[in-house]
Amino acid sequence: MNQTIHEQLSALMDGELERDETRFLLKRLATEQDLPLRWARYHLVRQTLRRQALDRLPASFADGVMARLDAEAVVVQTPRGAWLRWGAGGAIAASVAVAALVLTRPTGDPLTPAGTVQPLRTAQQSAPINAATASATTSLSGEIRAPLLVPTTPIETAPVSFGSDFSPPPASDPHLQSYLIRHYQAAGATGQSAFVPYVLLATPQRDLPAAQPAESVPQNR
Amino acid sequence: MGESDLDQALVERVQNGDKRAFDLLVRKYQHKLVSVISRYVNDWSECQDVAQETFVRAYRAIGSFRGDAQFYTWIYKIAINTAKNHLVSQGRRPPTEDVAVEDAVLFDGASRLHESATPERELMRQEIERTVFATVEALPDELKTAITLREVDGLSYEEIAESMNCPIGTVRSRIFRAREAIDEQLRPLLSDQDKTP
């Protein structure tokens, strides 16, 4: 029996022992005092045959190491790096989310109590556009869909597709606004694009300065 | 499973709380590590203390060992750092030149720093060497060939079986019998050395 165990030990140090045999042998190593000593000697022979530099330690050295691990209750420390990375990532994401909430905090509908979630129209909720819905939408042409974010200051709208040369009119014409919105809704409902691409541009209501002449723009020379 | 795979398997066992596996790693590398440490620390007693401290530190940190490098390379670096820290704590200056891990296992490379072995330790090493090589020389041919192909050439059992034209089980048995024969000669010598103060 001992011969078998010793042969298994020999195969183990060559990495040639089956997994089940390894498990069995490691259990035996805990109970048979001779096995760890034999394991150490086999390795001493290996290092000698391979002409590796070695200084032989007394047989009690390894016992001393293991006794110290027990006496000092040394534990294997789990790597904290991965957890730190995950934690740091989570903290950053949370910070960004909080900052975004604070900066873009919606005031909500004044008629809606705080904390009430307003139903939002999503792309999935939007029915496929057909002629019937198009006419229905057209019939609502006088209405403006409530924006998701209601600015606290009066806004005016301005098309943004004219390029940087376009200067918004200082005061919006309600008739023109109404026409543009109705046109946009009707065209959008039939799947066509409006002749004037139009988006709501939220700008505070204030006296806009007159467009500056091109000469006044500082130039880098 | 190769030798480095075995180390990785033992490390994983340690990481899962199996202290016996760490005991095997200590017994496997203790002589090589203390030899490296002795290039930095002259006093043999201090060498042993530093070696012990190295293994304790390695045990603590083994949870972070992921197998990107070989276990010996990893613990070798711990040994070097521990030795240097020891020198600094003693008010001594550590050497500016390190021995590369590849060189550290060879006698020639290891002697690049300073030779710190005492005559007694050198005599002990020579006795071990003489006993091992003399026993191998006296082995029957099939055992000598098997142990040489395994330990010196580093062939796997399968490769040795092909080379010697015999089953893998026979290779395993021959290598074991060769080790037993060497161990039988070596054991009394080591036992005497352990008794020597």
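For chain B, the mean pLDDT is 87, and 88% of the residues reach 70 or more. Where in chain B is the mean pLDDT lowest, and where highest? Helix H6, residues 107-110, has the lowest at 45. Helix H8, residues 141-151, has the highest at 97. Look at residues 107-114 of chain B. The pLDDT is below 50 over that stretch. Even so, the stretch has 18 contacts in the model beyond near neighbours in sequence. A word of caution here. Where pLDDT is low, predicted coordinates should not be read in detail.

Now the make-up of chain B. It has ten helices and zero strands. Of its 197 residues, 37% count as buried. Take the contacts in chain B with a separation of 6 or more. Residues 24 or more positions apart account for 58% of those.

On to the two chains. How many residues of chain B are in contact with chain A? The count is 59, and they meet 45 residues of chain A. Several helices of chain B each supply at least two residues to that side, including H1, H2, H3 and H10. H2(B) gives the most, with 13 residues. By class, this side of chain B has 28 nonpolar, eleven polar and 20 charged residues.

Let's zoom in on one helix pair. Helix H3 of chain A, residues 34-49, packs with helix H7 of chain B, residues 119-138. The angle is about 85°, and the axes are 10 Å apart. So H3(A) is roughly perpendicular to H7(B). Which residues make the contact? From H3(A), they are A:Leu44, A:Val45, A:Thr48 and A:Leu49. From H7(B), they are B:Ile128, B:Glu129 and B:Val132. That divides into five nonpolar, one polar and one charged.

Last, the core. The largest nonpolar core holds 65 residues. B:Leu33, B:Ile37, B:Ile75, B:Ala79 and B:Ala146 touch the most other members. H2(B) gives the most to this core, with ten residues. In general, nonpolar side chains tend to be buried together in soluble globular proteins.

Finish with B:Leu33. Leave aside its neighbours within four places in sequence. B:Leu33 is then in contact with B:Ala51, B:Thr54, B:Ile75 and B:Ala79.

Notes
Residues are numbered from 1 along each chain as its sequence is written. Chains are lettered from A and ligands numbered from 1 in the order in which they are written. This is a predicted model: local features need pLDDT of at least 70, side-chain atom pairs count only at pLDDT 80 or more; totals for chains, interfaces and linings use all residues. Axes are lines fitted to C-alpha atoms, for helices over the stretch in contact, and angles run from 0 to 180 degrees between N-to-C directions. Helices (H or I, at least four residues) and strands (E, at least two) are DSSP runs, numbered from the N terminus. Angles under 35 degrees count as roughly parallel, over 145 as roughly antiparallel, 65 to 115 as roughly perpendicular and the rest as oblique. Two residues are in contact if their C-beta atoms, placed from the backbone, lie within 7 Å. Ala, Val, Leu, Ile, Met, Phe, Trp, Tyr, Cys and Pro count as nonpolar, Asp, Glu, Lys and Arg as charged, and the others, Gly among them, as polar. pLDDT is the predictor's confidence in each residue, from 0 to 100. A nonpolar core is a set of buried Ala, Val, Leu, Ile, Met, Phe, Trp, Tyr and Cys residues joined through C-beta atoms within 7 Å. A residue is buried if 20 or more other C-beta atoms lie within 10 Å of its own, exposed if 12 or fewer, and partly exposed in between; C-beta atoms are placed from the backbone.
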